[in-house]
Amino acid sequence: MSISDNLKSVSQRITDAALRAGRDPSHIKLIAVSKTRPADYVTEAMKYGQLDFGENRPQELAAKAEQIGGSVRWHQIGQLQKNKVRHIISYAALIHSVDSLSLAEEIEKRAAAIDKVQDILIQVNISGEESKSGASPSETARLCRDIAKLPHVHICGLMTISVKDYDYDQNKRLFSALASLASEIEAEKIDNVSMKELSMGMTHDFEAAVEAGATIVRVGEAIFGERDYSLNNPMQNINQ
Ligand SMILES: *Cc1c(COP(=O)(O)O)cnc(C)c1O
């Protein structure tokens with residue numbers, strides 16, 4: 001299977017899941033997760049109209065952005081340490097993984113310095129698994145209210161990562177819980193906070209996410225093939 005065939009098949013599966021749930025498929029954006037892949041995978045996908053790409057290591061995002069340039073919208077989807085914000089601030093269209101006020105304050109400082117308003121999502125640990133990063137559901141509204149005061153940071157919604165070995169229904173319940181949390185926060189009508197975007201769903205669970213209301217799905221392996229972490233890929237050792 002080629003990248004072009006894979007993009008077509010993932011898009012079709014998104015459309016089918018949306019229609020099953022009575023949703024408009026055009027309301028769901030596909031992010032191609034290009035982490036660990038060389039830049040020519042990105043340029044290949046761009047030929048077929050894919051313009052949103054996700055990276056989880058800040059230096060890798062910056063390196064590819066510099067190499068590829070142009071019309072790509074880069075998404076920082078992985079955990080972001082404060083001292084790495086400076087690498088991505090001029091490139092990131094959307095930062096999906098903000099889970100603390102102190103990280104948002106660092107983004108505020110770096111965004112203000114280049115006169116940018118940075119769009120972000122709040123990452124929520126909806127499953128409650130201890131190994132997962134993200135704000136707890138009960139502290140998310142409070143965090144939104146605090147971050148809302150930062151003028152160079154704009155909250156656009158919520159993001160979560162589900163549990164690897166959950167089945168379809170378990171994932172769907174988890175994703176629906178994130179959607180409910182977003183509705184609760186939306187109802188507070190906090191200035192400078194929108195709950196328009198729900199970033200949820202990866203290769204193994206994006207259809208359940210679409211059925212539960214995702215507006216953004218982050219798909220890597222179903223587009224680019226399995227990641228082989230045993231290969232000696234210099235990109236993957238950056239920032240570990
Ligand atoms: C790697 C990654 C993805 C994509 O995972 P696949 O299984 O390759 O689809 C999505 N979201 C985050 C946060 C990731 O780190």
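Two aromatic pairs are found in this structure, which is a predicted model. To describe such a pair, one gives the distance between the ring centres and the angle between the ring planes.

Take Y41 and F224. Their rings are tilted, with 5.9 Å from centre to centre and 55 degrees between the planes. Are the two partners buried or exposed? Y41 is partly exposed, at a relative accessible area of 31%. F224 has 7% and is buried, because buried means under 20%.

The other pair is F53 with W74. This one is tilted as well, at 6.1 Å centre to centre and 45 degrees between the planes. F53 belongs to strand β2 and W74 to strand β3, so the pair ties together parts that are 21 residues apart in sequence. F53 is buried at 0% relative accessibility, and W74 is buried at 3%.

Just after α3 comes G69, with a positive phi of about 60 degrees.

Next, strand β8, residues 216–219. In a regular strand, side chains alternate between the two faces of the sheet. In β8, I216 and R218 are on one side, V217 and V219 are on the other, and all of these are buried. Both faces of β8 are therefore covered. What does β8 pair with? Strand β1, residues 29–33, pairs with β8 in the parallel sense, over four bridges. Within this pairing, A32 stands opposite V219.

An N or O atom in the R218 side chain is 2.9 Å from a nitrogen atom of the ligand. E221 uses its backbone: a polar atom there is 2.8 Å from an oxygen atom of the ligand. For R227, a polar side-chain atom lies 2.7 Å from a ligand oxygen atom. How much of the ligand does the protein cover? On its own the ligand has 390 Å² of accessible area, and the protein covers 94% of that. There are 13 residues around the ligand, and K35, T203, G220, E221 and R227 come nearest.

Last, a loop residue, N125. Where is it? N125 lies in the loop between strand β5 (118–123) and helix α6 (137–147). Although N125 sits in a loop, N125 is buried, with a relative accessible area of 12%. The N125 side chain makes a polar contact with the side chain of S127, at 3.4 Å. A polar atom of the N125 side chain also lies 3.3 Å from the backbone oxygen of K132. Leaving aside residues up to four places away in sequence, N125 touches K132, S133, G134, A135 and P137.

R218 is one of the buried residues of β8, and the R218 side chain comes to 2.9 Å from a nitrogen atom of the ligand.

Key: Residues are numbered from 1 along each chain as its sequence is written. This is a predicted model: local features need pLDDT of at least 70, side-chain atom pairs count only at pLDDT 80 or more; totals for chains, interfaces and linings use all residues. Side-chain values use heavy atoms; hydrogens and water are left out. Helices (H or I, at least four residues) and strands (E, at least two) are DSSP runs, numbered from the N terminus. Buried means under 20% relative accessible area, exposed over 50%, partly exposed in between (1.4 Å probe, protein chains only). Two strands pair if DSSP finds at least two bridges between them. A residue is near a molecule or strand if one of its heavy atoms lies within 4 Å of it. A polar contact is a pair of N or O atoms within 3.5 Å; within protein, one must be able to donate a hydrogen and the other to accept it, and residues adjacent in sequence count only if both atoms are side-chain atoms. Accessible areas come from the Shrake-Rupley method with a 1.4 Å probe; for residues, only the protein chains shown count as cover. Rings of Phe, Tyr and Trp (its six-membered ring) pair if their centres lie within 6.5 Å; planes under 30 degrees apart count as stacked, over 60 as edge-to-face and the rest as tilted. Contact means heavy atoms within 4.5 Å.
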